[in-house]
Amino acid sequence: MFIGHFAVALAAKRVTPSTSLGALFAAAQFADLLWPALLLAGLEVAEVSPQGAVIPLRFISYPYSHSLVAAALAAALLGLSWLWWSGSKRAAWVIGALVLSHWVLDLIVHVPDLPLLPVGGPRWGLGLWQRPMLALLLELALFAAGAWLYLDATEAADRVGRWGLWSLLLFLVLIQLANAWGPRPPDIAPVIWSGHATWLLVAWGWWADLHRRARSRINRG
């Protein structure tokens, strides 16, 4: 899953308006931000599937970034860290929930390759990726809902807040479509480096959100 994770981060802005969208993006995508670094270090393993396979990547081993136990520990650690830094219990709970939501959303689309434990144990996955069009429609629907909730909760403070956000939303949709219909990567290296580039989307979210403000209840009717 890709923009589905950004969708829940956008929606979370309604719950914790003072938390930067960049921080919400980073929490929701924490597992995928960690994963390429672990691949590069050789601690986790993935490969490009053979030509003709429905799912372009095979996730051979990713216990530290994508196991349920690792996700729960990361959620607790980042939630407590946010509580210490911000002093907001609500924001801390939201950050922790977003970190954990990554595993839950991945469970829907992955084939049974998501580990429950960092070492051994069963692997789960409901396999929606085996029905690519349904998976794409689900992500686009989630993203539309998340974007609507974010737009309903915030308003542009200037032109950057308007066009910076809309260009980000459009770019995310284009990436999703490219993932669905673009060419298969020749090997795992482009996947690793495009994974690192996700940090640029986190920064973009922070920048666009910096130029927006929470809507007042009066403005929302």
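**Before you start**

The model is predicted, so local features need pLDDT of at least 70 and side-chain atom pairs count only at pLDDT 80 or more, while totals for chains, interfaces and linings use all residues. Residues are numbered from 1 along each chain as its sequence is written, and side-chain values use heavy atoms, with hydrogens and water left out.

**Stop 1: the largest core**

Select Phe 6, Leu 10, Leu 24, Phe 25, Leu 98, Phe 143 and Leu 172, which have the most contacts inside the largest nonpolar core, a set of 31 residues. A nonpolar core here is a set of buried Ala, Val, Leu, Ile, Met, Phe, Trp, Tyr and Cys residues joined through side-chain atoms within 4.5 Å. Buried means under 20% relative accessible area, exposed means over 50%, and partly exposed lies in between (1.4 Å probe, protein chains only). Now colour helix 1 (3–12), helix 2 (21–28), helix 5 (68–86), helix 6 (89–109), helix 7 (132–153), helix 8 (159–181) and helix 10 (198–210): each supplies at least two residues of this core. Helices (H or I, at least four residues) and strands (E, at least two) are DSSP runs, numbered from the N terminus.

Elsewhere, a second, separate core of 14 residues includes Ala 71, Leu 114, Val 191 and Ile 192.

Centre on Phe 143 next. Leaving aside neighbours within four places in sequence, Phe 143 is in contact (heavy atoms within 4.5 Å) with Ile 3, Phe 6, Ala 7, Leu 10, Leu 169, Leu 172 and Val 173.

**Stop 2: helix 1 and its surroundings**

Eight of the ten residues of helix 1 are buried, namely Ile 3, Gly 4, His 5, Phe 6, Ala 7, Ala 9, Leu 10 and Ala 12. They pack against helix 2, helix 3 (30–40), helix 6, helix 7, helix 8 and helix 10.

Keep helix 1 and helix 6 on screen. Their axes come within 10 Å and cross at roughly 155°; axes are lines fitted to C-alpha atoms, for helices over the stretch in contact, and angles run from 0 to 180 degrees between N-to-C directions. The two helices are therefore roughly antiparallel to each other. Angles under 35 degrees count as roughly parallel, over 145 as roughly antiparallel, 65 to 115 as roughly perpendicular and the rest as oblique.

**Stop 3**

Ala 23, Leu 24, Ala 27 and Ala 28 of helix 2 make the contact with Val 94, Ile 95, Leu 98, Val 99 and His 102 of helix 6.

Then switch to helix 7 and helix 8, which pack at an angle of about 170° with their axes 11 Å apart. This pair is therefore roughly antiparallel. Residues making the contact include Phe 143 and Tyr 150 of helix 7, and Leu 172 and Trp 181 of helix 8.

**Stop 4: residues outside the helices**

Select Lys 13, in the loop between helix 1 and helix 2. At 5% relative accessibility, Lys 13 counts as buried. Its contacts beyond four places in sequence are Thr 19, Ser 20, Leu 21, Leu 24, Tyr 150, Thr 154 and Asp 209.

Gly 127 sits in the loop between strand 4 (123–124) and helix 7. Gly 127 is buried, with a relative accessible area of 8%.

For a contrast, pick Gly 121, in the loop between strand 3 (114–115) and strand 4. Gly 121 counts as exposed, at 51% relative accessibility.

Finish at Ala 156, in strand 5 (residues 154–156). Ala 156 is partly exposed, with a relative accessible area of 21%. Leaving aside neighbours within four places in sequence, Ala 156 touches Gly 161, Arg 162, His 211, Arg 212 and Arg 213.
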